Amino acid sequence: MKKDLRRVVIAGNWKMNKTRSESTELLKQLSDISANNDVIVVTCVPFTNLETALAVTKGTAIKVGAQNVHFEKNGAFTGEISADMLKELGVEYVVIGHSERRQYFGETDETVNLRTKAALDAGLIPLMCVGELLEEREACITEEVLARQIKLDMAGFTADQVKKTVIAYEPVWAIGTGKTATAEQAGEACGFIRSVIAKLHGNDVANAVTIQYGGSMNAKNATELLAQADVDGGLIGGASLIADDFKAIINAAVSG
Ligand code: PEP
C-alpha cells in the first residue's frame with residue numbers, strides 16, 4: 001500500500017488555549033473548510049470546550065479530539081477523564097503522550113501504552129506522540145529513542161490496534177520553538193518509525209499506519225513537509241490557533 005491509500009490527518013493541538021467563547025469564534029472561522037475523504041481534519045481542544053466544539057462543528061468537516069485520557073475505566077482518580085466519558089460525548093480522537101505531558105506531568109512510555117490501549121478499547125482514535133530530545137538528536141541516538149518508544153508505547157498491540165493508531169512524530173526540540181525539522185529529517189524519522197513497525201508487524205501493517213509530523217509546522221513549511229513519502233499529515237500547535245494558517249496547512253494537505 002502506498003502513501004495515497006493512507007489516512008492523512010491534519011490535527012490542531014490547541015493545548016491550554018481558548019476559552020469557550022474564543023473556541024466558538026475560531027471554530028466558526030474554520031467551519032467552511034471543504035470536506036475531503038482523503039484528508040481528515042481534527043481540532044484537539046481543552047476538555048472544557050469539547051461539548052461546544054462538537055456542537056459548533058456539527059455538519060462540518062471538522063472532527064473533535066481531546067488532549068489526554070486516563071487509562072482506568074473509572075474510579076478514584078481526581079481530575080482525570082476516562083475514554084468512555086470522551087466517547088459518550090461524541091469525541092473521536094485523543095492526543096496521547098504529548099512531550100509536554102511527558103515533560104511536565106510524568107507521562108512515561110508505560111502510561112502512554114495504557115492510555116493508548118484504553119482509547120482504542122473505547123473506540124477512540126489515538127494520536128500517539130513520540131520524538132527525541134535535542135540532546136538525543138545531538139548524540140545521534142534519534143533512531144534508538146524512536147525504536148524504544150514505538151516498542152514500549154505499542155507493546156502488546158494487535159496488528160489491528162497498530163493500524164488504528166495515528167502516530168505523531170514530534171521532535172521535542174521543534175515543538176513550540178519555531179525550529180522545524182527539515183523536510184528531509186521529518187521524512188527520515190517517519191520512515192524509520194514505519195520500518196520499526198514493519199519489523200514488528202510486517203509491511204502491510206506498517207504501510208497502513210498514518211504517521212504525522214509535528215513541530216512548528218506552519219503555512220509556509222507545510223507543503224514541503226507533507227510532500228515527504230512517509231509523512232501522512234501533521235500535528236500542529238501554534239499555527240492551529242490562527243484560522244488562516246490552519247486552513248493553509250489543510251489546503252497544502254488537500255492539494256498535496
Ligand atoms: C504540538 O503541540 O504538538 C506542536 C507541534 O506544537 P507547535 O506546532 O506549536 O510546535
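The model is a predicted one, in which local features need pLDDT of at least 70 and side-chain atom pairs count only at pLDDT 80 or more, while totals for chains, interfaces and linings use all residues. Residues are numbered from 1 along each chain as its sequence is written, and side-chain values use heavy atoms, with hydrogens and water left out.

We begin with the ligand. Around the ligand there are 14 residues, of which K15, E170, G176, S216 and G237 come nearest; a residue is counted here if one of its heavy atoms lies within 4 Å of the molecule. Sorted by class, this shell holds four nonpolar, eight polar and two charged residues, where Ala, Val, Leu, Ile, Met, Phe, Trp, Tyr, Cys and Pro count as nonpolar, Asp, Glu, Lys and Arg as charged, and the others, Gly among them, as polar. A polar side-chain atom of N13 lies 3.0 Å from an oxygen atom of the ligand, a backbone N or O atom of S216 lies 2.8 Å from an oxygen atom of the ligand, and a polar backbone atom of G238 is likewise 2.8 Å from a ligand oxygen atom. On its own the ligand has 290 Å² of accessible area, and the protein covers 96% of that area, as computed by the Shrake-Rupley method with a 1.4 Å probe.

The next stop is a residue in a helix. D153 is found in helix α7, which spans residues 142-153, and D153 is buried, at a relative accessible area of 0%; buried means under 20% relative accessible area, exposed over 50%, and partly exposed in between, with a 1.4 Å probe and protein chains only. Apart from its neighbours within four places in sequence, D153 is in contact (heavy atoms within 4.5 Å) with R102, D109, V112, N113, M128, C129 and V130.

Finally, a search of the whole structure finds two aromatic pairs, meaning rings of Phe, Tyr and Trp (its six-membered ring) whose centres lie within 6.5 Å, with planes under 30 degrees apart counted as stacked, over 60 as edge-to-face and the rest as tilted. Y104 and F105 form an edge-to-face pair, 6.4 Å centre to centre with 85 degrees between the planes; Y104 counts as exposed at 56% relative accessibility, and F105 counts as exposed at 55%. Y169 and Y213 form a tilted pair, 6.2 Å centre to centre with 50 degrees between the planes. This pair links distant parts of the chain, with Y169 in strand β6 (residues 166-169) and Y213 in strand β7 (residues 211-214), 44 residues apart, and both Y169 and Y213 are buried.

Terms used: Polar contact = N/O pair within 3.5 Å; in protein donor to acceptor, adjacent residues only side chain to side chain. Helix = DSSP H or I, 4+ residues; strand = E, 2+ residues; numbered from the N terminus.
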